[in-house]
Amino acid sequence: KQWYQRRVHGIWNQTVPGSNFPHYRPSSSSTMNKLIVAILVSSYCALSMCLDVPDSMKIAIQPEDVLEMQTIKRPLSTYIADSKGKLITVLGGGTWNCKVSIVSGPGGILVGTTSVSFVNGTATFSDLFITQAGSGYVLQFEVTYPTTATISAVTTTPFNVGD
């Protein structure tokens, strides 16, 4: 008799012609081991809280041109993302903190709350202003806690501060 075979995620599905009853067998012991590990991991994640793995920090709201000594109108915001760029709302390891600073510009000082905690994966800076007019300001955001986080700092697009 002729067997119909097709590969389905590492497992062969063999059906006897004239029968709707499938017979499953692993294509290899390695595939079976991977299947067992996948089942164990998914069972563990279902029973406990599995956290996404932080991969990077993204800027949610970029700064717009503003006047010196005037609070930036739209609060600046960054978030922690997974490897696909998706927001991670639950960060493990305690409270995560983010700091913002000026990395380029004609010399103004960034004033306001420059260090905040991430809330639901997002750090929002709502009361920042710059003390000196000029063009080409660039801000940098960096994770300051946990100190073991390997998230790279990110910078804004350049913006201007008028007088």
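## Overall make-up

How many helices and strands does the protein chain have? In this predicted model, the chain has 1 helix and 14 strands.

Of the 163 residues in the protein chain, 26% are buried. The chain exposes about 10,100 Å², and 54% of that area is supplied by carbon and sulfur atoms. Among contacts with a separation of 6 or more, 56% are between residues 24 or more positions apart.

## The largest nonpolar core

In soluble globular proteins, nonpolar side chains tend to be buried together. The largest nonpolar core here has 26 residues, and the members that touch the most others are M57, I80, F118, F125 and F141. Two or more residues come from each of β4 (56-61), β6 (76-81), β7 (97-104), β10 (122-125), β12 (134-145) and β14 (159-162). The largest share, 4 residues, is from β12.

## Contacts of F141

Which residues does F141 contact, leaving aside its neighbours within four places in sequence? The list includes M57, I59, L76 and T78, along with C98, K99, V100 and F125. F141 is also in contact with A153, V154 and T156.

## T78 in strand β6

T78 lies in strand β6. Is T78 buried or exposed? T78 has a relative accessible area of 0%, so it counts as buried, the cut-off being under 20%.

Note on methods. Residues numbered from 1 in each chain as written. Predicted model: local features only at pLDDT ≥ 70, side-chain atom pairs only at ≥ 80, totals over all residues. Heavy atoms only, no water. Core = buried A, V, L, I, M, F, W, Y, C linked by side-chain atoms within 4.5 Å. Buried < 20%, exposed > 50% of the residue type's maximum accessible area, 1.4 Å probe, protein only. Contact = heavy atoms within 4.5 Å. Areas by Shrake-Rupley, 256 points an atom, 1.4 Å probe, with all protein chains shown as cover.
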